[in-house]
Amino acid sequence: MFGEESLVNRHNVTMEISAASMKQVPNTDLPQVALAGKSNVGKSSLINALLNRINFARTSSTPGKTQTINFYNVDKKLYLADLPGYGYTKTGKHTMMGFSGLIDTYLKEAPQLAMIVLLIDIRHEPSANDLMMLDFIRKLHYKPVIVLTKRDKLSNNEATKNISMIKKKLELKKGEILLTFSSTKKIGVEELWNVIEGVLDQDACEEEDEED
């Protein structure tokens with residue numbers, strides 16, 4: 001059951017479009033929350049957990065298969081934007097360049113982009129691509145929300161050790177948030193929703209200021 005005070009009806013969701021270019025990105029005033037991470041880090045599983053659905057966001061056993069940005073319209077209040085996975089080269093240099101170009105352009109130019117969530121596998125040290133993405137997000141003046149996925153794969157002691165190691169590697173800055181997440185055990189679902197809904201609270205406050 002979801003909290004009664006939730007700002008968003010998470011059951012009211014549609015997969016609106018798979019955008020292969022910026023021309024296809026939804027042109028609305030709704031805030032967009034981008035989900036970034038390497039291939040098979042668990043973005044689709046995270047979306048399914050957030051929306052309390054099974055296989056709503058399709059997972060792929062083939063890394064690098066998704067080549068578009070999938071936009072999920074949640075309660076006509078915000079979009080979850082599932083970015084293509086990065087860091088997998090078996091699909092070929094040309095395809096990977098397309099991934100990088102689409103991600104780069106979207107994060108730089110999307111006018112309604114309100115938040116960037118960076119997913120990192122809690123079991124492993126952040127990759128060079130993870131660190132490059134984090135640096136890119138910071139240079140765009142966003143405060144990233146770091147989500148460490150697959151928390152259920154580690155014991156409490158292992159998780160504590162890895163969280164400490166990852167924090168050190170990421171060199172977290174003031175205002176940056178780090179959460180742990182498990183799609184199977186629903187760890188971190190409400191915590192992440194609280195952060196996401198903070199975007200809606202902020203937008204509402206800005207609209208009131210403009211009216212005043």
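**View 1. Helix α1 lies across the sheet.** Helix α1 (residues 43-50) lies across β2 (32-37), β3, β4, β5 and β6, and runs at about 140° to β2. Contact here means heavy atoms within 4.5 Å. The axes are lines fitted to C-alpha atoms, for helices over the stretch in contact, and angles run from 0 to 180 degrees between N-to-C directions. Helices (H or I, at least four residues) and strands (E, at least two) are DSSP runs, numbered from the N terminus.

A quick note on what you're looking at: this is a predicted model, where local features need pLDDT of at least 70 and side-chain atom pairs count only at pLDDT 80 or more, while totals for chains, interfaces and linings use all residues. Residues are numbered from 1 along each chain as its sequence is written, and side-chain values use heavy atoms, with hydrogens and water left out.

**View 2. Seven strands make an open sheet.** Follow the strands in the order β1-β3-β4-β2-β5-β6-β7, and you'll find that the pairing is mixed. At the edges sit β1 (13-19) and β7 (177-180), each of which pairs on one side only. From one strand to the next, the twist averages 25°. Two strands count as paired if DSSP finds at least two bridges between them.

**View 3. A closer look at β3 and β4.** Strand β3 (residues 69-74) pairs with strand β4 (residues 78-82) in the antiparallel sense, over five bridges. Pick out N73 and you'll find its bridge partner, Y79, in β4.

View 4. Helix α3 (residues 128-139) has 12 residues and reaches 16 Å from its first C-alpha to its last, close to the 16 Å expected at 1.5 Å a residue. That expected span is 1.5 Å times one less than the number of residues. Tucked away in α3 are D130, M133, L134, F136 and I137, which are buried. They cover an arc of only 160° around the axis, so they sit on the same side of α3. The arc is that of the directions from the helix axis to the C-beta atoms. On the other side of α3, look for A128, M132 and K139, which are exposed. Buried means under 20% relative accessible area, exposed over 50%, and partly exposed in between (1.4 Å probe, protein chains only). Just after α3, H141 takes a positive phi of about 70°.

View 5. D135 forms a salt bridge with K139, with the closest N and O atoms 3.2 Å apart. Both residues lie in helix α3, four residues apart, about one turn of the helix. D135 is partly exposed at 35% relative accessibility, whereas K139 is exposed at 58%. A salt bridge is a side-chain nitrogen of Lys or Arg within 4 Å of a carboxyl oxygen of Asp or Glu.

View 6. The structure holds 10 salt bridges. One of them joins the side chains of K150 and D121 (4.0 Å, N to O). That pair links distant parts of the chain, 29 residues apart: K150 is in the loop between β6 (145-149) and α4 (156-170), and D121 is in strand β5 (residues 113-121). K150 is partly exposed, with a relative accessible area of 22%, while D121 is buried at 4%. Elsewhere, R10, E190 and E197 are linked in a network of salt bridges.
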